[in-house]
Amino acid sequence: MQENNAKGTDIATLGEFGLIKHLTKNIKLKHASTNVGVGDDAAVLDYQNKKTVVTTDLLLEGIHFDLMYTPLKHLGYKCIAVNVSDIYAMNALPKQVTVSIAISKRFTLEAIEELYEGINLACENYNVDLVGGDTTSSLTGLCISVTAIGEADAEQLAYRSGAKENDLICVSGNLGAAFAGLQLLEREKRVYESNPAMQPDLTGHDYILERQLKPEARKDIYERLQEAKIVPSSMIDISDGLSSDIMHICEESKVGCQIYEEKIPVDYETHKMAEELNMNYSTFSLNGGEDYELLFTVPLDQFDAIEKIEDVKIIGHITDISKGKYLVTRDGVEIELQAQGWNPIKEE
């Protein structure tokens with residue numbers, strides 16, 4: 001993390017408008033729906049006959065990220081990825097984003113440029129236009145607010161409220177890796193704080209570190225569903241943990257569910273990290289969060305079509321609301337699901 005007493009350019013020498021101009025001078029618009037981007041009082045978007053989808057996330061230093069172990073470029077990338085993930089979770093296509101930041105005096109211009117390198121890289125990767133935002137000062141640390149805007153035909157949109165009895169419960173990728181990466185980083189941070197001469201030992205954990213520091217929204221799964229002409233009956237991205245997020249779908253759809261522990265996909269490195277910490281890896285996959293995989297349901301008659309989609313697994317099915325929400329363990333025991341994922345609003 002760069003401080004103002006380090007070698008670098010004081011942001012105050014540019015002023016707010018100078019900083020905005022400096023950070024956005026190389027932006028090139030990609031979408032016809034972006035009529036006007038950065039540079040006016042407001043962006044102008046034209047979606048014609050499409051439905052517009054909008055989502056906003058707020059990331060606060062000390063709550064959502066720790067700059068002791070989070071590179072600013074990775075943070076910039078992540079703040080875009082987690083927002084476009086919400087758009088994909090509506091079965092919609094992200095087109096534009098706005099980014100607002102509050103900066104304390106300890107950040108140099110070069111530090112904020114590094115943050116925007118990650119932001120711009122993610123915008124390129126997900127093919128979205130950065131069309132505006134705001135900058136201000138902060139007395140407590142770095143704050144980033146991102147709004148993502150997307151489009152879809154009305155009949156293509158997938159809500160949390162559409163799941164029906166006997167629908168298949170599907171998930172992309174694997175679960176628990178981001179939480180495993182966070183546990184590793186927090187462990188090494190504690191070691192460093194107790195003895196700054198100790199170097200962090202991150203060997204053999206590249207995958208779970210990337211899943212925590214630079215997660216990817218599942219653009220590829222959205223595209224495969226489109227190619228297969230599959231419209232999920234309900235969908236959500238896994239940000240709070242599998243148990244919490246399937247319960248969101250069940251509550252909004254007024255249904256129950258049955259998930260099979262042995263079907264939940266977990267990566268080898270996640271297994272390994274859980275063993276190192278003497279924890280059950282199912283705790284990581286069920287309650288960890290920040291995986292940003294897509295969790296969705298489809299009618300039973302689409303079983304064969306779903307089976308053909310690479311990197312998607314069927315992990316359970318929807319039941320009548322009277323049957324509750326249960327996890328079936330490897331031993332065949334039914335355990336009632338609890339919403340134990342990360343809660344950003346909690347008492348200290």
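Arg 160 sits in the loop between E6 and strand E7 (168-172). This is a predicted model. Arg 160 is also one of the positions that UniProt, in an unreviewed entry, marks as "binding site".

**Annotated positions**

- The UniProt "binding site" feature, from an unreviewed entry, covers Tyr 116, Gly 133, Asp 134, Arg 160 and Ser 239.
- Arg 160 has 39% relative accessibility, so it counts as partly exposed. That class lies between buried, under 20%, and exposed, over 50%.
- Leaving aside neighbours within four places in sequence, Arg 160 contacts Ser 234, Met 235, Ile 236, His 248, Ile 249, Glu 252 and Ser 253.
- Gly 133 belongs to strand E5 (residues 129-137).
- Gly 133 is partly exposed too, because its relative accessibility is 48%.
- Not counting residues up to four places away in sequence, Gly 133 touches Thr 98, Val 99 and Ser 100.

**Nonpolar cores**

- In soluble globular proteins, nonpolar side chains tend to be buried together.
- The largest nonpolar core here has 37 residues. Ile 80, Val 97, Val 99, Ile 119, Tyr 126 and Ile 144 touch the most other members.
- Ile 119 touches Gly 76, Tyr 77, Cys 79, Ile 80, Val 99 and Leu 130, with residues up to four places away in sequence not counted.
- A second core is separate and has 22 residues. Among them are Ile 246, Ile 259, Ile 264 and Leu 327.

**A helix pair**

- Helix H4 (residues 177-194) packs with helix H5 (residues 206-213) at an angle of about 100°. Their axes are 7 Å apart.
- H4 is therefore roughly perpendicular to H5, since angles of 65 to 115 degrees fall in that class.
- From H4, the contact uses Ala 177, Ala 178, Ala 180, Gly 181, Leu 182, Leu 184 and Leu 185.
- From H5, the contact uses Tyr 207, Ile 208, Leu 209, Arg 211, Gln 212 and Leu 213.
- By class, the contact of H4 with H5 has 10 nonpolar, two polar and one charged residues.

Technical notes: Residues are numbered from 1 along each chain as its sequence is written. This is a predicted model: local features need pLDDT of at least 70, side-chain atom pairs count only at pLDDT 80 or more; totals for chains, interfaces and linings use all residues. Side-chain values use heavy atoms; hydrogens and water are left out. A nonpolar core is a set of buried Ala, Val, Leu, Ile, Met, Phe, Trp, Tyr and Cys residues joined through side-chain atoms within 4.5 Å. Buried means under 20% relative accessible area, exposed over 50%, partly exposed in between (1.4 Å probe, protein chains only). Contact means heavy atoms within 4.5 Å. Axes are lines fitted to C-alpha atoms, for helices over the stretch in contact, and angles run from 0 to 180 degrees between N-to-C directions. Helices (H or I, at least four residues) and strands (E, at least two) are DSSP runs, numbered from the N terminus. Angles under 35 degrees count as roughly parallel, over 145 as roughly antiparallel, 65 to 115 as roughly perpendicular and the rest as oblique. Ala, Val, Leu, Ile, Met, Phe, Trp, Tyr, Cys and Pro count as nonpolar, Asp, Glu, Lys and Arg as charged, and the others, Gly among them, as polar. UniProt positions are given in the numbering used here, feature names are shortened, and annotations may be inferred rather than shown by experiment.
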